[in-house]
Amino acid sequence: MDNLETNYKVKKSIQYKSQIALLIMTASIFGLFMITSPEVFLKGRIYQSFLSTVPIMGLMALGLTFVLAMGEIDLSFPSVMALSGFIFSITFKATNSVILALIFSILSGVIVGFINGTLVTSIGIPSIVATLGMQFLIRGFSNIISNGLAKTVTLDKTFSYKIFAEKLGVIPVQSIWFIGITIFLYFLLFRHRFGEHVLFIGDNREAARMMGVNVNSVKIMVFVLMGVMASFAGILSCYRMRTWWPTMGEGYIMMVMAAVFIGGTSMLGGVASIEGTFIGAFIIGSLEAGIVAAGLSGFWTQFVCGVLIIASVTIHTLAKRRK
Amino acid sequence: MDKLVEMKNIYKSYDGVVALKGIDFEIGFNEVVGILGDNGAGKSTLIKIISGMHSFDEGEMYIRGVKINPKKYSVKIAHNLGVETVYQEKALADKQTLWRNIFVGRQITNKLGFINIKKEKEETNKIMRDLMGFRGIGANADSAILTLSGGEREGVAISRAMYFEADLVILDEPTMALSLQEVKKVLKFIQNIKDKGKSCIYISHNIANIHPVSDRFVAIDRGKVVGAYNRKDISLHELSEELIKYTKTSTQINQSERVL
């Protein structure tokens, strides 16, 4: 029994090794920023700014974590963000009802997710191809309808503005949403039947099927979850900028993937880290600001981002191999 | 209702390739039946239909006298009817923990579907102690499946079936890739099933291992039942001769088909 206990503890510590490495990495990045530009990083404002921008990307990263955990990929979410943001703004303009705007907007994410999931399961198109097609299709669709023109939405006069865009004390509400949803999705993935099925499908689809898991319906639901996350990101973006613009979401795809991979979620499915994605989103989301504040050109962002991805994925892989 | 499973004139094809051409098969309560046959004879298809993995195209199937609708039948329904299938280690997810592998698809949850992890781990520890006999090998409920040996994996798959108290346990090549010691365990497990008044269907190439624990054998060739034997009436040697006969004719036919 003693033997079993110690064995167990050793394994636990290895399991947390990559998380600890991730935290050290985060701390050293911010430490570096504080040294290079103390006038920016020793004041609260920059962090307030992160807390309102990072969640928008982070929510999509959480959705993508589920998709990757199940061994699939979704490339359509930046377009879904734009589409849902568009639907949100036109519904609000037409009806002046926040509730209706929220419902239709989220519904658009659900529908796109459902289509993605159906293409992947019922028709059997590899998710990378299906969602790549959807990415163009949806972007084109929202551009056609909007005529490529931005829309201002006067949300700041509604009560909902407090819930989706303002601050609670000094904390931007976006980050409260992000934290809440992160906790919920953590429990959904690791403590709920649904999440267990997601992990088993990513790990060994046939085994999941043999044990009675309805693989197709779980897959569709995960794509729907991704769609809803992207919708919500679009809505938060509309609130934050009080504008919808047709290129909304562009440029997010690589950042969101980078956040997920830095966090330790595997491309191969079956292994995921929600808390890792949470931290990864803040690392990726603060890089550009930090680098620019340090007086370096924005080009350094990509370089540093690349270094971080390679470094963190190396750490995760080695930590797993030791196990 | 004297039969546990009854199949009448079952047809099944995959993308135009006919795997079963009118199979009749039945198994009663407290019976151990071996399905024998060459590769591609249709053995796997047959058990996959019983276990709910695949549907069938034509024919009738009854489990405990209940007529099965092939469009609705699923692994879940099979589990509820007490039919449990052990697909060697194929039905285990490598990167997941042992306790998750035991309970996946049948989690112990609260009303909202959240898993009672503590309870599942406790049960897993009991299963490991009482059913698998995992003591002092360093594995525990939190071990990932990929850290286990082939025999241990088979043990997990079999204990899972035992834990859920199936009335019919289906074993797909239970002794393949196992050491002698492990084969012995599996045979003891089959004997256990029999002693408890339950039934077992297995597929095996190694009839020498399986012969002593069986009641009946059914030989399948190219999607049809070609022979049925009671163990009392046939020695291991005679059974091997019979099987070789089918294997021979099927290869001869394949050759003649090629000539045509």
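# A tour of chains A and B

Select A:Leu64. Beyond its neighbours within four places in sequence, A:Leu64 is in contact with A:Asp74, A:Phe77, A:Met226, A:Val256, A:Met257 and A:Val260. Keep in mind throughout that this is a predicted model.

**The nonpolar core.** Now widen the selection around A:Leu64. The largest nonpolar core has 164 residues. Those that touch the most other members are A:Met57, A:Met60, A:Leu64, A:Met226, A:Met229, A:Val256 and A:Ala259. Next, colour residues 215–241 of chain A, which make up helix 11. Helix 11 of chain A gives the most to this core, with 16 residues. As background, nonpolar side chains tend to be buried together in soluble globular proteins.

**Where chain A meets chain B.** Show both chains. Here 24 residues of chain A are in contact with 26 residues of chain B. On the chain A side, select helix 1 (2–36), helix 8 (173–191), helix 9 (193–203) and helix 10 (205–210): each of these elements gives two or more residues. The largest share of that side, six residues, comes from helix 9 of chain A. Colour the chain A side by class and you will find 11 nonpolar, six polar and seven charged residues.

**The open sheet of chain B.** Four strands of chain B form an open sheet in the order 2-1-4-5, with antiparallel pairing. Its edge strands are strand 2 (17–28) and strand 5 of chain B, each of which pairs on one side only. Zoom in on strand 1 (residues 3–14) and strand 2 of chain B. Nine bridges join these two antiparallel strands.

Select residues 43–50 of chain B, which form helix 1. Helix 1 of chain B lies across strand 1 and strand 2 of chain B, and runs at about 60 degrees to strand 2 of chain B. Is this helix mostly covered or mostly open? Mostly covered: seven of the eight residues in helix 1 of chain B are buried. They are B:Lys43, B:Thr45, B:Leu46, B:Ile47, B:Lys48, B:Ile49 and B:Ile50.

**Two loops to inspect.** First go to B:Arg64, in the loop between strand 4 (58–63) and strand 5 (66–67) of chain B. Phi of B:Arg64 is near 50 degrees, a positive value in a residue other than glycine. B:Arg64 counts as partly exposed because it has 15 C-beta neighbours inside 10 Å. Then go to B:Glu165, in the loop between helix 5 (150–163) and strand 7 (168–172) of chain B. Phi of B:Glu165 is also positive, near 50 degrees, and this residue too is not glycine. With 11 other C-beta atoms within 10 Å, B:Glu165 is exposed.

**The parallel pair.** From that loop, move on to strand 7 of chain B. Four bridges join strand 6 of chain B to strand 7 of chain B, and the two run parallel. Click B:Thr85: its bridge partner in strand 7 of chain B is B:Ile170. Finally, show side chains along strand 6 (residues 83–86) of chain B. B:Val83 and B:Thr85 point one way, B:Glu84 and B:Val86 the other. All four are buried. In a regular strand, side chains alternate between the two faces of the sheet.

Technical notes. Residues numbered from 1 in each chain as written. Chains lettered and ligands numbered in written order. Predicted model: local features only at pLDDT ≥ 70, side-chain atom pairs only at ≥ 80, totals over all residues. Buried ≥ 20, exposed ≤ 12 C-beta atoms within 10 Å, placed from the backbone. Contact = placed C-beta atoms within 7 Å. Nonpolar A, V, L, I, M, F, W, Y, C, P; charged D, E, K, R; others polar. Pairing = 2+ DSSP bridges. Core = buried A, V, L, I, M, F, W, Y, C linked by C-beta atoms within 7 Å. Axes fitted to C-alpha atoms, helices over the stretch in contact; angles between N-to-C directions.
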